[in-house]
Amino acid sequence: MLAPDKKQPRLSPSGSQPLIPDKFLDIPSQRLYYLSLGLLCQAIKIVDFSWYLVNGDEGNTNCRKWLFVDFAYCVILTRLRIPRLTYSKTVVLIQIALLWFLDGLMFGGISLNLPYRSSDPGTLSTSNSRVLSTTTESATFLDYIAPFTFGLLAAAGPRDAHLVGQHTVRMSPISTAQLNPDSLPFCLSPPSNFVLIPVLLNNTTPAELKFSLTTLGHDVPEIYELTAKDLKAIEQERLAVLRASRPLSSARDSDEYDEYDDDDDVTHESESFLQSTQSLVHIRITRPGTLRLESLLDQSRVPVRISHPSTVNVVPCPTVEFIDKELVEDNVRSSGQDPDLELMIRVYGVPPLSLRWLKTINGRREHFLVEGIENNSASKESPSKIRQGISEEMKIPLSIALDTPGTYVYALEEVADSVGNVVRIGPDASADFSGLVQTRTTRSLVVLRRAKVSFKSCGPGSPTSLLIGSEASLGISVNDAEEFDSPWEISLKYEPFPDGDKQNRRHRSWNKTLKTQGHPGDLNARVSVPGEYAIIGVQGKVRRSKLILRGLLLTNLLLQRCLGDILSPETCRVIEKPLPTAEIEWKQIHEW
């Protein structure tokens with residue numbers, strides 16, 4: 001029998017076996033993996049080339065790296081002896097040369113000096129390769145072969161060799177102007193009605209500044225020009241305002257105080273955040289509109305590059321105030337009277353607005369925030385007004401409930417518009433509202449407790465006794481009365497008994513008003529006539545009331561009083577004790 005043939009290993013065209021035996025990894029897989037590795041290297045090379053083009057970094061490092069990688073790839077491929085990927089030494093050298101040539105072109109190792117005629121004698125070449133120049137200095141052998149090593153070897157030239165030849169020179173626009181560098185909102189507020197818009201300059205001294213101002217709601221801009229003299233005058237005015245508002249320092253009390261120290265301190269504080277090449281100028285605006293920085297020339301009359309954004313909107317500052325007059329003169333209420341009160345607030349600004357306000361009841365403070373305040377009908381009819389930054393006036397009703405006795409304070413804190421302007425108009429968090437204040441941003445009132453009045457030690461089951469020809473004291477208790485509303489007036493009614501002597505004037509019905517003296521407390525009424533006494537009313541001090549008729553605020557001549565509550569017992573019977581009598585009855589005594 002013939003022995004079965006054993007599988008013979010594949011041989012390369014040169015007759016040698018692969019470096020990696022077929023039993024560990026078959027030949028097709030070896031070819032696939034190694035070619036995939038080559039494609040991966042070329043992909044990474046393309047990424048490095050793209051990064052080199054975008055950033056413009058020095059390409060010598062990348063060139064050296066890829067020269068070594070391509071050389072190692074071709075040499076390792078030769079050593080692996082993979083069938084169909086085994087080439088002769090001549091082919092391998094050609095492959096290495098082609099790859100190195102491409103690396104030199106891609107990463108600046110080789111430059112092509114093509115004929116070029118420039119119309120501008122100051123034009124600089126964008127090639128970063130060095131060109132040998134004919135000088136009187138001697139050149140070594142290394143100087144001649146260095147250009148052919150694609151950056152692997154450096155020429156040993158003189159110390160100033162880096163100044164010879166063509167280089168890449170990148171000009172950066174360092175002379176720039178930026179309007180409103182901090183992106184702050186600006187608004188005009190009376191009484192000054194002007195605002196200073198900052199312009200940040202970098203490495204330039206302005207000679208002429210041109211800007212345009214477009215009034216809100218219009219499309220035609222107005223052009224203005226400011227010279228260096230105008231800019232200096234604005235800066236001096238700004239520093240003068242800072243010095244006037246700057247608090248007096250302790251240096252004024254020292255003997256070494258100099259009046260020129262303030263000027264140095266203000267200038268140093270205003271420029272402390274600037275770099276050495278930066279400066280700051282301001283544009284003075286006195287009316288609302290859209291400001292655009294058109295151009296700026298330096299002292300050499302060279303235009304300065306303007307950074308974006310180059311526009312800023314200047315609008316009227318938002319305002320808010322109370323416009324109702326009811327609580328200005330009438331800020332006292334009694335509990336149960338006018339349980340619901342409506343305050344009217346007027347807001348003005350670029351919608352939608354937001355409003356912060358606070359409510360204080362008996363020292364307990366609550367803060368509120370109202371957002372999205374806008375006139376819905378106006379915004380639907382003309383939505384372009386909001387986009388153009390046109391201010392609107394709106395009225396907001398604020399309903400309040402007076403269900404708890406005590407002191408009520410409503411204060412407006414701050415208002416903000418849609419542009420970003422925030423104006424704080426009310427008191428700070430530590431403000432004291434102990435007193436009643438009525439200002440444009442504050443409304444306060446007092447809700448008094450209702451006094452409780454009743455007879456004391458007298459009631460339906462316990463009448464008061466009255467001696468003939470004398471007086472009796474009727475005790476009236478006054479509780480929960482506010483000293484602020486004293487003296488209290490108590491209405492007392494008298495009705496005689498039906499069997500009384502109506503012909504006697506002392507036994508006729510009457511009404512009488514009694515007043516408490518000093519602090520609220522008990523009140524004693526002296527009566528000398530028997531009958532039934534009843535408390536029919538209790539009132540505090542007189543206050544003036546208001547009538548609102550067809551939107552007009554009118555003063556009513558009718559006087560109102562803070563009423564109290566009448567508790568039981570509200571009636572007291574006074575009974576006159578009869579005179580003592582003695583009766584003698586005579587009876588006959590019968591004797592038995």
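In this predicted model, helix H2 meets helix H3 through Cys63, Trp66, Leu67, Asp70, Phe71, Cys74 and Thr78 on the H2 side, and through Val92, Gln95, Ile96, Leu99, Trp100, Asp103 and Gly104 on the H3 side. Sorted by class, this contact has 9 nonpolar, 3 polar and 2 charged residues.

Two packed helices are described by the angle between their axes and the distance between the axes. H2 covers residues 60-80 and H3 covers residues 89-106; they pack at an angle of about 160°, and their axes lie 9 Å apart. Because of that angle, H2 is roughly antiparallel to H3, the cut-off for this term being over 145 degrees. The crossing of H2 past H3 is right-handed.

Glu235 belongs to helix H5, which covers residues 228-245. Is Glu235 buried or exposed? Glu235 counts as buried because its relative accessibility is 18%, and buried means under 20%. Leaving aside residues up to four places away in sequence, Glu235 touches Leu280, Val281 and His282.

Values for the protein as a whole are tabulated below.

| Property of the protein | Value |
|---|---|
| Secondary structure | 9 helices and 28 strands |
| Residues counted as buried | 34% of 592 residues |
| Accessible surface | about 38300 Å² |
| Part of the accessible surface belonging to carbon and sulfur atoms | 55% |

Contacts along the sequence were also counted. Taking contacts between residues at least 6 apart in sequence, 70% join residues at least 24 apart.

Terms used:
Residues numbered from 1 in each chain as written. Predicted model: local features only at pLDDT ≥ 70, side-chain atom pairs only at ≥ 80, totals over all residues. Heavy atoms only, no water. Axes fitted to C-alpha atoms, helices over the stretch in contact; angles between N-to-C directions. Helix = DSSP H or I, 4+ residues; strand = E, 2+ residues; numbered from the N terminus. Parallel < 35°, antiparallel > 145°, perpendicular 65-115°, else oblique. Left-handed = near helix turned anticlockwise from the far one by under 90°. Contact = heavy atoms within 4.5 Å. Nonpolar A, V, L, I, M, F, W, Y, C, P; charged D, E, K, R; others polar. Buried < 20%, exposed > 50% of the residue type's maximum accessible area, 1.4 Å probe, protein only. Areas by Shrake-Rupley, 256 points an atom, 1.4 Å probe, with all protein chains shown as cover.
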